[in-house]
Amino acid sequence: MTLWFVFALMTVAAIFAVLLPLGRSGRAQNQGSEVAVYKDQLAEIERDLGTGLIAAPEAEAARVEISRRLLAAAASDPATAPKSSLKWRRAAAVLALAGLPLVAIGVYMPLGSPKLQDFPLAQRERGSGSGMAQSLENLVVQVEQHLEKNPTDGRGWNVLAPVLERLGRFDDAVRAYRNSLTYNGESPERRSDLGEALSAAAGGVVTAEAKVEFERAHALNADDPKANYFLGLAAEQDGRKDDAANIWRTLLAKAPADAPWRPLVQSSLARVGGGTMPAPSDETIAASKDMAEGDRNAMVRGMVERLATRLKQNGDDVEGWLRLVRAYLVMGDRGKAVGASADARQAVASDAERLRQLNEGLKTLGLGG
């Protein structure tokens, strides 16, 4: 309905634009005709010539100029215009009033879509969500193409890396964070981000390589919250729960009261039996713990599932299989770890070197044989 109202307003505006020039009347009829003025000036010249106030040559020149203006005014004066012009204006007005809407409808009906149904709200929202995702993918492609031509653009790598990580492209995110460090320089945030991407690529496991990055971030800024959290997580995964608790207690002691990651660290501290630090709000601490723990578990499960899906598509990645098995062991699901190791052996069975590397890695994880 709103669309038709807009169309009606546009039609009225178009008609008004056509009728406005046709309805104008000469102002000279209200203010006196210019023709009469010029005639008076000619009479005045004759009087001045008769009384000797003006010489004959000057009088003749003035007479010629005024006569020229008189002819021009007479040609444009509405009072002297032919009456047929009034009939023409009226005909044009009628044509504009009736013709423009008819022409608009005649053009829209065959070319437009008057019978097109509206989309339900839910369908529009789904379309909008998929469109936004596609738009984000397109933007990533454009940035990647730009960086292929300008690989030293540190700002571009800095922008691209977190987007790739959010899209689940962890290996690409790792490469982007490394390039960001190369072309933007050292910072604790970049080191921590690289370590987080390495952990995400390993299915949530803080690998030795990721731990090195967190230690470098900690050396640059001992209070970096991300580095401290993941160093505590690495200690927990290594079975050093007391060390993890000490790291997280220190982190909470220095944390601002409104730090958004406080509930996550508190729940992690409780998980290793290190007690809890007093929260800013005693009424909401229990709920925030449960929420943080659930968010973390969901994040880890999501990363592990994405890693497993990728390995089904590319089974030659021995390091990826080892990360997946290690992730299942850390999650306490030994059955899935054994199943993943069997799938890995089957995937690389045709490659003796890869099979050897896989068996050695599985042996270090306690799944050899």
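This is a predicted model: local features need pLDDT of at least 70, side-chain atom pairs count only at pLDDT 80 or more; totals for chains, interfaces and linings use all residues.

User: How do you know how confident the predictor is in the chain, and where is the mean pLDDT of an element lowest and highest?

Analyst: The mean pLDDT of the chain is 75, and 64% of its residues reach 70 or more. Over residues 25–32 pLDDT stays under 50, and the model has five contacts beyond four places in sequence for them. Residues 276–285 also stay under 50, with 17 such contacts.

User: What makes up the secondary structure of the chain?

Analyst: The chain comes to 17 helices and zero strands.

User: Why is Glu213 called buried?

Analyst: Buried means under 20% relative accessible area. Glu213 has 3% relative accessibility, so the residue counts as buried. Glu213 is placed in helix α10. Leaving aside neighbours within four places in sequence, Glu213 is in contact with Arg178, Arg191, Leu194, Gly195 and Leu198.

User: What makes helix α11 mostly covered, and how does its span compare with the one expected?

Analyst: Of the 13 residues in α11, 10 are buried; among them are Tyr229, Phe230, Leu231 and Leu233. After α11 comes Gly239, with a positive phi near 90°.

User: Why is a set of residues called a nonpolar core, and what is the largest one here?

Analyst: The term applies because the residues are buried, belong to a list that includes Val, Phe, Trp and Tyr, and are joined through side-chain atoms within 4.5 Å. The largest such core has 34 residues, and those with the most contacts inside it are Val206, Phe214, Tyr229 and Trp248. Helices supplying at least two residues each include α6 (121–149), α10, α11 and α12 (241–254). The largest share, seven residues, comes from α11. Apart from this core lies another, of 20 residues, among them Ala202, Ala308, Leu322 and Tyr328.

User: Which residues does Trp248 contact beyond four places in sequence?

Analyst: The contacts of Trp248 include Asn228, Tyr229, Gly232, Leu233 and Glu236, and also Val265, Ser268 and Leu269.

Methods. Residues are numbered from 1 along each chain as its sequence is written. Side-chain values use heavy atoms; hydrogens and water are left out. pLDDT is the predictor's confidence in each residue, from 0 to 100. Contact means heavy atoms within 4.5 Å. Buried means under 20% relative accessible area, exposed over 50%, partly exposed in between (1.4 Å probe, protein chains only). Helices (H or I, at least four residues) and strands (E, at least two) are DSSP runs, numbered from the N terminus.
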